[in-house]
Amino acid sequence: MEDGSTRVPALAPIVAAYDPDRLRTLLRTGVGTKPDHGVMSKVARESFFALTDPEIDAIQAYLKGEAEKAAPQ
């Protein structure tokens, strides 16, 4: 958050490490490695549920690439 009250982890390495099936479930239902992922759960239930498998795969591939670019050399 702009006021510094909430810390948000880097998304790319987290998504890159997700099993593709679990990522699809998270983005469609808001349920991932735990029942409630806070804001992510809400956003998934309200917005991401309509993503197709190829769209989710493309998002994950992109974020994997970003994670690889940001990884320490």
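## Close-up views of a predicted helical model

R24 has a relative accessible area of 15% and so counts as buried; buried means under 20% relative accessible area, exposed over 50% and partly exposed in between, with a 1.4 Å probe and protein chains only. The structure is a predicted model, in which local features need pLDDT of at least 70 and side-chain atom pairs count only at pLDDT 80 or more, while totals for chains, interfaces and linings use all residues. Residues are numbered from 1 along each chain as its sequence is written, and side-chain values use heavy atoms, with hydrogens and water left out.

**D21 and R24 form a salt bridge.** Their closest N and O atoms are 2.7 Å apart; a salt bridge is a side-chain nitrogen of Lys or Arg within 4 Å of a carboxyl oxygen of Asp or Glu. Both residues lie in helix 2, three residues apart, or about one turn of the helix. Helices here are DSSP runs of H or I with at least four residues, strands are runs of E with at least two, and both are numbered from the N terminus. D21 is exposed, because its relative accessibility is 52%.

**R28 forms a salt bridge with D53.** In this pair the closest N and O atoms are 2.6 Å apart. The pair links distant parts of the chain, with R28 in helix 2 and D53 in helix 4, 25 residues apart. R28 is partly exposed, at 29% relative accessibility, and D53 is also partly exposed, at 35%. R28 and D53 belong to a network of salt bridges that also links D21, R24 and D57.

The closest N and O atoms of E66 and K69 are 2.8 Å apart. The two residues are separated by about one helical turn because they are three residues apart in helix 4. E66 is partly exposed, with a relative accessible area of 26%, whereas K69 is exposed at 60%. The count of salt bridges in the model comes to six.

**The largest nonpolar core has nine residues.** Its members are A12, V15, Y18, L23, L26, L27, I56, L63 and A67. Helix 1 (11-17), helix 2 (20-29) and helix 4 (53-70) each supply at least two residues of this core. A nonpolar core is a set of buried Ala, Val, Leu, Ile, Met, Phe, Trp, Tyr and Cys residues joined through side-chain atoms within 4.5 Å.

**L63 touches L11, A12, V15 and A16.** This list leaves out residues up to four places away in sequence. Contact means heavy atoms within 4.5 Å. Across the protein, residues 24 or more positions apart account for 46% of the contacts with a separation of 6 or more.

The C-alpha atoms fill a box of roughly 35 × 35 × 20 Å, taken along the principal axes. Of the 73 residues, 21% are buried.
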